[in-house]
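Colleague: I should like to learn how to read the features of a model such as this one. Could we go through them in turn?

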Amino acid sequence: MANVISLDSILGVGELKAPAEAPPAAASGCASSSCGSSDGPADMAPEVWEKVKNHPCYSEEAHHYFARMHVAVAPACNIQCNYCNRKYDCSNESRPGVVSEKLTPDQALRKIMAVAKEIPQLSVIGIAGPGDSLAAGGKNTFKTFEMLAKKAPDLKLCLSTNGLALPDHVDTIANYNIDHVTITINMVDPEVGQHIYPWIFHDHKRWTGLDAAKILHERQMLGLEMLTSRGILVKVNSVMIPGINDEHLMDVNKAVKSRGAFLHNIMPLISDPAHGTHFGLTGQRGPTAQELKVLQDQCEGGAKLMRHCRQCRADAVGLLGEDRGSEFTIDQIEAMGEVEYDQEAARTYREHVEGERAGRHAAKAAAQADVAETIGTDVQPILIAVATKGGERINEHFGHAKEFQIYEVGPKGAKFVGHRRVDQYCEGGSGDEDALGGVLSAINDCTAVFVAKIGGCPSQNLKDAGIEPVDRFAFEYIEESALTYFKDYAERLGQGAINAREGQDAVIRTGAFTALRA
Amino acid sequence: MAYKIKASDCTACGACEAECPNNAISFKKGAYAINADLCTECKGQFSSPQCASVCPADCCVPA
């Protein structure tokens with residue numbers, strides 16, 4: 001198991017760094033919404049923080065530390081979406097609705113036990129399909145959760161649904177202590193919906209056109225209200241489809257916020273003729289990186305936005321941004337024999353993260369205050385791409401990165417605003433020029449790229465493209481490094497030594513991973 | 001008077017099995033199949049055959 005991330009390697013360079021200073025006694029007195037003690041951010045109720053702090057999909061911070069696992073026990077679906085083709089499976093694809101193996105609830109339980117043993121960061125078990133978790137009566141979904149709650153009560157349960165069958169199952173969801181539910185809501189107007197959903201199956205009948213979109217919309221809103229009134233956290237996923245629902249998603253954001261949704265996750269459409277989807281075949285394009293970011297920025301102030309979604313497969317395993325599903329196939333799990341659930345390693349890890357968190361909040365606040373003091377508010381924020389394998393540190397080589405996390409840093413502070421998938425530039429020791437071109441277009445709107453290490457050749461190519469490669473913060477924390485860089489950047493800008501990089505856009509990478517071709 | 005499943009198009013999602021009012025559909029040897037003796041085409045039960053209405057691959061067809 002050479003690929004297993006050890007606690008040390010995820011946290012840094014072998015030794016655990018002590019927090020720079022003692023954590024503040026309480027979250028009060030801190031102006032930033034992202035700031036706070038381990039009691040949670042100032043703008044979040046303590047009971048909500050308790051639910052989300054170890055959930056990588058519900059907390060941006062947690063996604064640096066915790067892993068999730070989807071078990072593909074729900075292949076049936078009750079609606080057809082124009083961005084989905086259920087006949088298609090590909091092991092190289094990373095997108096929702098795709099799996100390599102469908103599991104029975106028994107197989108799912110065995111797989112969860114095997115993964116929990118290998119990955120102590122595992123905190124969440126989700127059921128996201130590959131169809132709809134609540135279609136076909138939700139039988140496999142609830143059977144799996146029932147067995148899991150007995151065997152591993154400390155794992156969080158969550159599910160993802162299109163919402164059509166949701167109102168019928170809210171009581172069951174509450175009874176199983178599933179306190180995170182994701183609903184995919186792409187519209188709040190059937191006129192828009194009819195261009196996204198060709199049909200739904202509801203009340204023993206197939207509905208099409210406006211009727212279908214109207215029923216789906218009403219069921220989604222009803223289900224959302226029923227869940228939030230019971231205190232269950234709801235994340236709303238929306239697929240951004242340029243020309244169809246892009247501007248409309250601002251209305252969706254308002255509508256779901258008013259009904260109590262906790263998070264809104266706007267994702268780019270993944271569209272390729274090779275996927276055989278309706279949109280793929282009609283040439284419907286997905287948004288560019290800047291189109292997505294502009295829409296997300298416009299929705300700020302409404303329902304809280306999630307920007308760290310990796311649109312993972314319905315059988316993904318690991319930290320967001322990685323997928324170790326191929327290490328845990330049915331055959332491999334059968335070969336492992338009976339695996340007992342061990343809570344100890346996971347508990348040790350969670351305690352460690354708690355300690356780490358307390359120091360992190362204090363250090364971030366100090367770095368932010370320093371920048372706010374020394375730099376005027378007239379310097380425009382910049383984007384920085386970061387090569388990381390977790391733990392909020394710059395700890396990945398440029399050539400090994402399969403994605404870059406994007407941070408926006410300015411006088412008001414540094415925040416995570418997204419990620420960009422890329423093909424690994426370096427495989428087996430040598431660089432791949434095609435992959436390098438892909439990386440450049442994926443982070444073309446960034447001013448700098450932070451890496452643990454980078455070779456001379458790609459370094460020069462980045463400089464030529466106007467992106468500064470930075471390795472002087474290797475293994476340091478991302479946000480503090482970004483703020484230190486920004487301070488220096490603002491000074492250089494003020495002296496006229498450099499020019500601001502403006503008006504650039506980047507390409508969202510959606511195809512199969514070439515890194516897996518070998 | 002029965003429906004069948006075109007195995008070549010079937011994704012084995014099981015949506016049809018869950019909807020069949022006659023328990024005529026089962027999973028056998030890696031694919032779903034309709035027992036023609038039990039299938040009523042949902043006549044007198046629903047306005048349309050449930051398996052064909054829910055199938056994402058449109059592979060439930062008259063035998």
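Modeller: Let us begin with a term: two strands pair if DSSP finds at least two bridges between them. In this predicted model, strand 11 and strand 12 of chain A run parallel and are joined by two bridges. Within that pairing, A:Asn265 stands opposite A:Met306 of strand 12.

Colleague: In which sense do strand 15 and strand 16 of chain A pair, parallel or antiparallel?

Modeller: Strand 15 (residues 403-410) and strand 16 of chain A are antiparallel, with eight bridges between them. A hairpin of two residues links strand 15 of chain A to strand 16 of chain A. One facing pair to inspect is A:Gln405, which stands opposite A:His419 in strand 16 of chain A.

Colleague: Is strand 16 of chain A mostly covered or mostly open?

Modeller: Burial is judged by neighbour count: a residue is buried if 20 or more other C-beta atoms lie within 10 Å of its own. By that criterion, seven of the nine residues of strand 16 (residues 413-421) of chain A are buried, and the strand is mostly covered.

Colleague: Which residues of helix 8 of chain A are buried?

Modeller: The general idea comes from helix geometry. An α-helix has 3.6 residues a turn, so residues three or four places apart point the same way. In helix 8 (residues 248-258) of chain A, the buried residues are A:Leu249, A:Val252, A:Asn253, A:Ala255 and A:Val256. Their cover includes helix 7 (209-229), strand 10 (233-240), strand 11 (263-268) and helix 10 (289-298) of chain A. Just after helix 8 of chain A, A:Gly260 adopts a positive phi of about 95°.

Colleague: What do the totals for chain A say, and which domains does its assignment give?

Modeller: Chain A contains 15 helices and 20 strands, and 51% of its 518 residues count as buried. Among its contacts with a separation of 6 or more, 71% come from residues 24 or more positions apart. The assignment gives domain 1 (34-336) and domain 2 (375-516) of chain A. Taken over C-alpha atoms, the centres of these two domains of chain A are 29 Å apart.

Colleague: Why does the radius of gyration of chain B agree with a compact globule?

Modeller: For 63 residues a compact globule would have a radius of gyration near 11 Å, and chain B agrees because it has 10 Å. Its C-alpha trace spans about 30 × 20 × 20 Å along the principal axes. Chain B has two helices and four strands, which follow the pattern β-α-β-β-α-β along the sequence. Of its residues, 38% count as buried.

Colleague: How many residues does each chain bring to the contact?

Modeller: Chain A supplies 15 residues and chain B supplies 14 residues. The side of chain A that touches chain B has six nonpolar, five polar and four charged residues.

Colleague: What ipTM and pTM does the predictor give the complex?

Modeller: The complex receives an ipTM of 0.95 and a pTM of 0.81. Where pLDDT is low, the predicted coordinates should not be read in detail. For chain B the mean pLDDT is 91, and 100% of its residues reach 70 or more.

Technical notes. Residues are numbered from 1 along each chain as its sequence is written. Chains are lettered from A and ligands numbered from 1 in the order in which they are written. This is a predicted model: local features need pLDDT of at least 70, side-chain atom pairs count only at pLDDT 80 or more; totals for chains, interfaces and linings use all residues. A residue is buried if 20 or more other C-beta atoms lie within 10 Å of its own, exposed if 12 or fewer, and partly exposed in between; C-beta atoms are placed from the backbone. Two residues are in contact if their C-beta atoms, placed from the backbone, lie within 7 Å. Ala, Val, Leu, Ile, Met, Phe, Trp, Tyr, Cys and Pro count as nonpolar, Asp, Glu, Lys and Arg as charged, and the others, Gly among them, as polar. The radius of gyration is taken over C-alpha atoms; the globule rule is 2.2 Å times the number of residues to the power 0.38. Domain bounds come from an automatic or database domain assignment. pLDDT is the predictor's confidence in each residue, from 0 to 100.
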